[in-house]
Amino acid sequence: MKLAWRTKIGLGLGFGLGLWLVGTGRAFAQEGPTTAELAVAMNTFFLIVAAALVFFMQAGFAMLTAGLTRSKNTTNILFKNLMDFVMCSIAFWAVGWGIAYGTSAGGFIGTDQFFLSPVTAEGEVPVMASWFFQVVFAGTAATIVAGAMAERTKFAAYLIYSFIISLFIYPVVVHWVWSGAGWLNTYSGSTEGNWGFTDFAGSTVVHSVGGWASLVGAMILGPRLGRFGPDGKPRVIPGHNMSLAALGTFILWLGWFGFNPGSQLAIASQANADAVALVAVTTNLAAAAGALGALFTAWLRYGKPDLGQTLNGVLGGLVAITAGCAYVDPLSSIIIGFIAGPIVVFSAELLEKLKIDDPVGAVPVHLVNGIWGTLAVGLFASVPGNTGTTGLFYGGGLTLLISQFVGVVAIGLWTVATAALMFFAIKATIGLRVSKAEEEAGLDIGEHGMVAYPDLSGAPAGGEVSGALAR
Amino acid sequence: MKLAWRTKIGLGLGFGLGLWLVGTGRAFAQEGPTTAELAVAMNTFFLIVAAALVFFMQAGFAMLTAGLTRSKNTTNILFKNLMDFVMCSIAFWAVGWGIAYGTSAGGFIGTDQFFLSPVTAEGEVPVMASWFFQVVFAGTAATIVAGAMAERTKFAAYLIYSFIISLFIYPVVVHWVWSGAGWLNTYSGSTEGNWGFTDFAGSTVVHSVGGWASLVGAMILGPRLGRFGPDGKPRVIPGHNMSLAALGTFILWLGWFGFNPGSQLAIASQANADAVALVAVTTNLAAAAGALGALFTAWLRYGKPDLGQTLNGVLGGLVAITAGCAYVDPLSSIIIGFIAGPIVVFSAELLEKLKIDDPVGAVPVHLVNGIWGTLAVGLFASVPGNTGTTGLFYGGGLTLLISQFVGVVAIGLWTVATAALMFFAIKATIGLRVSKAEEEAGLDIGEHGMVAYPDLSGAPAGGEVSGALAR
Amino acid sequence: MKLAWRTKIGLGLGFGLGLWLVGTGRAFAQEGPTTAELAVAMNTFFLIVAAALVFFMQAGFAMLTAGLTRSKNTTNILFKNLMDFVMCSIAFWAVGWGIAYGTSAGGFIGTDQFFLSPVTAEGEVPVMASWFFQVVFAGTAATIVAGAMAERTKFAAYLIYSFIISLFIYPVVVHWVWSGAGWLNTYSGSTEGNWGFTDFAGSTVVHSVGGWASLVGAMILGPRLGRFGPDGKPRVIPGHNMSLAALGTFILWLGWFGFNPGSQLAIASQANADAVALVAVTTNLAAAAGALGALFTAWLRYGKPDLGQTLNGVLGGLVAITAGCAYVDPLSSIIIGFIAGPIVVFSAELLEKLKIDDPVGAVPVHLVNGIWGTLAVGLFASVPGNTGTTGLFYGGGLTLLISQFVGVVAIGLWTVATAALMFFAIKATIGLRVSKAEEEAGLDIGEHGMVAYPDLSGAPAGGEVSGALAR
């Protein structure tokens with residue numbers, strides 16, 4: 001059909017005007033950025049807030065660990081908890097990030113992006129935001145070990161340990177699971193070409209890695225003087241400050257609202273918002289249920305409600321839900337968390353029987369519950385994760401459970417092997433443990449020439465320090 | 001008018017092209033999600049951040065309460081402050097949320113959505129996010145009571161109390177005021193079919209409920225041994241750690257920036273952003289003014305500036321502004337907050353005269369200032385709230401003040417009646433108060449077989465504990 | 001060209017339909033607010049979250065300062081750290097904001113917007129949000145001084161000081177640099193009509209102002225009794241609680257993730273998100289590097305790793321990166337932060353030699369590193385800031401370095417002059433320093449009639465207080 005010229009004109013002008021109108025319409029609608037840009041900005045904002053909360057967990061670990069150990073070692077333990085994040089920040093900037101997220105060599109290790117030199121693509125969350133979120137996770141893995149090795153580890157040895165775990169041991173595990181190209185998971189929506197290991201926020205990747213290193217370190221160090229009597233019977237060495245321990249636990253609980261929801265990595269869509277909200281709820285319920293599980297177990301077993309066990313129950317519940325928080329429903333999160341409670345109590349007993357001294361219960365909380373939580377995904381996952389499968393109780397059969405088992409074992413072997421090598425190397429060179437005399441006197445005097453509470457404890461007031469600052 | 005076919009064609013094609021252009025325009029504008037979806041995501045993000053801050057108030061209450069009581073009861077008070085949020089999380093998941101926000105039975109109680117089983121509609125903030133925000137409010141109401149009943153309440157009794165208040169007593173009040181279908185308020189923009197009771201973030205709904213339960217609990221328990229001498233004169237029982245008390249207050253002040261601004265429930269529009277920003281400012285100014293009011297009152301009355309009174313002045317100012325923070329201007333918030341200061345001081349004196357022992361001042365802070373702040377809305381509201389009325393000083397007459405009075409009385413009666421029933425039932429069964437011997441020795445030894453500061457206080461180091469963990 | 005009526009009709013209807021379609025298109029695309037509105041909301045949200053984190057720095061300063069001083073003065077120091085933000089909130093509401101951001105008189109001082117009475121324009125971040133973000137900065141400047149003047153300053157004198165600095169001294173400096181109309185910077189993208197002084201988040205504007213006031217205050221006050229022996233040799237006066245000091249430092253580090261990233265003032269675009277993410281990273285790396293720099297310097301110099309010096313190294317690194325965090329790359333941030341470490345150590349030694357007593361190291365951390373960080377912008381800035389120039393090492397020549405020098409000197413002169421006038425006026429009227437007897441006994445007893453830790457320190461339990469509250 002041939003159009004009359006008048007119609008053509010009408011059409012042409014209509015088209016032109018339409019274009020103008022759409023332009024105008026856009027102008028009205030878009031005095032600001034596009035929605036794509038806003039989504040990027042919102043996700044960046046989300047990652048930074050979450051990272052700040054996770055950073056604050058450093059304070060939580062410091063207070064918890066200091067509170068659960070003796071005042072003669074408080075300066076030392078605070079110092080270590082500070083320095084592990086310091087060492088981690090530098091190590092993860094220089095090398096760790098590149099190993100974790102650089103171009104993959106066969107799914108085993110990243111090979112570029114060292115010294116934080118990646119190219120940022122327009123239209124994406126800035127790499128700097130991702131690095132910031134990941135460095136605080138690395139710091140969490142590193143700091144867990146401070147508790148298990150407390151009250152007897154040399155300060156310099158600890159500096160080296162925390163540098164190496166953040167530089168190499170932990171980033172390799174991240175690459176295997178979270179890089180998008182790892183042999184344990186490729187985030188491809190299927191298990192093709194990978195093992196389909198699923199760990200949403202790091203029950204294994206972060207907590208078990210820290211937990212395995214804790215176990216190895218505590219075994220190589222040996223127990224604190226007096227922890228087991230001449231008859232081999234365990235003796236209680238109470239921590240010096242339950243207020244700090246409780247504060248630390250509350251801070252950690254708070255930080256977990258960055259740790260787990262933040263691991264969705266994005267919030268700027270309905271699906272992401274739904275996921276983040278679910279994660280906040282399952283995280284909170286598992287923490288509460290973990291407290292109840294530990295409270296009742298310890299109460300029944302020892303006759304009294306025990307605050308220390310219950311605080312560790314909270315943390316055990318949090319560690320346990322970390323792997324599956326985005327894949328399970330609230331009821332399942334309560335079950336997973338509740339079971340974490342007795343796991344904390346009985347694991348601590350088992351460690352005692354094995355004469356392994358873990359002053360703050362890092363192994364029960366982070367290792368054993370890290371494993372439990374990771375396997376629990378294979379049981380309770382009702383939402384299929386990034387490998388497309390659900391757990392045993394939700395029709396997925398044993399596939400996911402087996403994947404989880406493979407990941408737990410592989411990461412366990414890696415961490416035990418590298419941590420053992422590292423700790424033995426430190427032991428053989430600068431030494432891992434302080435002298436008996438220093439341990440008796442306290443590491444604060446021995447390592448730092450001061451005490452944490454000169455006014456309150458009546459101890460010598462740090463007169464040995466020839467420092468410039470008046471403290 | 002009949003159009004020529006040529007014109008029709010021009011028209012038709014113009015229409016078609018226009019449609020295509022608009023489609024294209026949308027495609028350019030919307031490489032990401034729609035703005036509606038972004039708004040939902042931003043509001044979800046906002047609620048979760050606010051909820052995390054409110055959660056952290058649990059740490060604030062724990063530190064404040066522990067700091068203002070004696071070290072022989074510190075483990076116990078920390079333990080209770082932990083467990084009330086644990087019990088609350090489970091109770092509010094199972095039943096509390098449903099009573100608060102389920103389908104209304106006549107405006108009095110919700111009847112479904114138990115065990116967190118609601119249907120989520122697309123295009124809205126996820127119910128999980130709303131639950132998370134509400135559960136931390138429930139936890140706040142619950143934890144207030146720990147302070148008033150400190151240093152003499154049985155641990156098991158406290159567990160039961162905190163479960164019941166979160167399961168039933170508090171959620172019913174929420175339903176009355178915040179469910180959108182309550183008899184005190186229906187959020188309909190008018191007072192038709194409801195009383196128009198206005199409480200933006202919970203001066204009454206949260207703080208007075210906790211405060212009434214505190215008052216009833218403290219009265220039924222009776223004062224601590226030695227709080228009043230044989231002559232009936234009050235004796236000061238100083239708290240053991242002002243650093244913890246100050247830290248707790250700072251944390252609570254911080255948490256209030258989630259509590260009050262978060263209660264707008266949304267931020268993703270100009271109006272919401274304006275409201276949230278106003279709320280942050282009025283909240284901060286009222287806290288500062290409350291500190292000044294209490295400082296000057298106590299200074300004039302007792303001759304010295306008193307830190308404890310001033311900390312409670314901060315909290316009193318925060319409680320008082322909570323009801324009206326979105327409806328008053330900055331100057332009014334300063335007046336409301338400043339008056340909260342003397343209210344804290346004089347209420348504490350009145351309690352002493354009545355021989356009611358409230359170790360941390362929970363009743364002056366949360367009950368009396370909760371009432372003051374709620375009534376103050378009826379005086380100072382310059383922005384009409386969800387019932388369309390302003391306060392007495394802004395041309396609204398007595399309508400709103402009367403509404404506020406009705407709400408205060410109704411919620412007071414409900415809470416006193418149910419709390420009294422609950423506490424008497426606990427007293428008659430498992431018992432509410434520890435033995436005199438246990439109270440003298442401290443609840444830490446009596447209830448938990450340990451002390452909070454074995455190194456620092458020279459007390460026995462928890463040797464009675466046959467626990468597995470070395471603490 | 002004259003159009004036929006048919007064509008006109010086609011055109012007209014096409015136009016009308018186009019309009020309708022665009023309307024519809026907008027309706028589909030915009031079931032929510034516009035992207036401009038969302039951007040405003042997101043920026044408001046961002047400012048409020050950042051401000052809440054910065055507010056929390058008040059708790060950090062309180063814990064740090066209390067921890068690094070003696071327990072006999074703990075109540076007093078906590079009280080001062082609380083009250084300086086209280087006084088600041090009122091002063092900055094009444095006058096401070098107007099001086100900082102009101103209509104400029106010649107680039108020197110703002111002249112309106114007192115009592116928070118500005119007109120809010122639609123389509124912008126609410127003034128209330130900006131005020132909230134700015135008041136917590138003012139509070140930071142004010143609270144720095146508490147540490148340097150600790151353990152000997154009268155409480156009433158401190159109240160007056162903190163009111164005046166927030167009312168006048170600090171806001172004038174803000175006007176000079178951040179108002180957009182100041183003589184040191186106009187944010188015009190060039191140095192035309194201003195000095196091009198560049199201070200992104202306040203190394204000079206906030207920290208040096210607090211630091212200069214600290215120096216002047218400490219000099220006018222004189223050293224604490226016993227700080228220098230009869231032979232003039234310095235004596236170490238250790239702080240009472242390293243756990244509080246470490247907690248305070250962690251809280252400050254956390255708060256800095258609001259302080260520096262928040263100073264971008266917006267996040268809702270790709271450029272803003274990129275900048276905010278970069279700032280988070282440079283801030284964190286400088287803190288870590290500062291810790292390392294101080295650790296190694298003190299270790300080499302005094303033979304032991306020193307926790308107090310290292311905590312101040314963290315803070316020194318944070319202060320130093322504050323001016324340039326948005327303009328330097330990660331490697332530069334590590335260099336800037338690392339150098340801050342030895343600066344802390346050697347500045348403290350210098351103060352000792354000059355017989356200036358700064359109990360917590362406020363001058364080394366905030367003043368000297370504030371200056372260092374501000375000058376470092378003139379060396380390391382690779383991203384041109386709002387005056388369009390880069391630093392010496394990035395091809396910008398000496399221009400920026402000279403600008404920085406001018407700003408440092410001008411603000412230093414202003415602050416020293418006004419602070420000296422203020423402190424001398426206070427000294428001449430109500431007095432600045434407590435009596436010797438009071439200083440010996442501790443300011444807690446002298447000023448407040450109580451002690452901070454009655455249970456733990458064995459000190460008198462505050463029996464002098466005739467207060468109503470039982471503490």
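Over the face of which residue does R227(A) lie, and at what distance from the ring centre? R227(A) is placed over the face of F228(A), 5.1 Å from the ring centre; a charge counts as sitting over a ring if NZ of Lys or CZ of Arg is within 6 Å of the ring centre and within 35 degrees of the ring normal. In chain B, R227(B) lies over the face of F228(B), also at 5.1 Å from the ring centre.

The structure is a predicted model, in which local features need pLDDT of at least 70, side-chain atom pairs count only at pLDDT 80 or more, and totals for chains, interfaces and linings use all residues. Residues are numbered from 1 along each chain as its sequence is written, chains are lettered from A and ligands numbered from 1 in the order in which they are written, and side-chain values use heavy atoms, with hydrogens and water left out.

Confidence comes next. The predictor assigns the complex an ipTM of 0.92 and a pTM of 0.93. Chain A has a mean pLDDT (the predictor's confidence in each residue, from 0 to 100) of 91, and 90% of its residues reach 70 or more. In residues 16-30 of chain A, however, pLDDT stays under 50, and over residues 458-471 of chain A it is below 50 as well. Where pLDDT is low, the predicted coordinates should not be read in detail.

Chain A contains 15 helices and two strands, where helices (H or I, at least four residues) and strands (E, at least two) are DSSP runs numbered from the N terminus. Of its 471 residues, 71% count as buried, a term that means under 20% relative accessible area, with exposed over 50% and partly exposed in between (1.4 Å probe, protein chains only).

Beyond four places in sequence, the residues in contact (heavy atoms within 4.5 Å) with Y170(C) include F92(C), W178(C) and V206(C).

Over all chains there are 77 aromatic pairs. Rings of Phe, Tyr and Trp (its six-membered ring) pair if their centres lie within 6.5 Å; planes under 30 degrees apart count as stacked, over 60 as edge-to-face and the rest as tilted. The ring centres of F56(A) and F56(B) are 6.0 Å apart and their planes stand at 80 degrees, so this pair is edge-to-face. The pair crosses between chains, joining helix 2 (residues 35-67) of chain A to helix 2 (residues 35-67) of chain B. Both F56(A) and F56(B) are buried.
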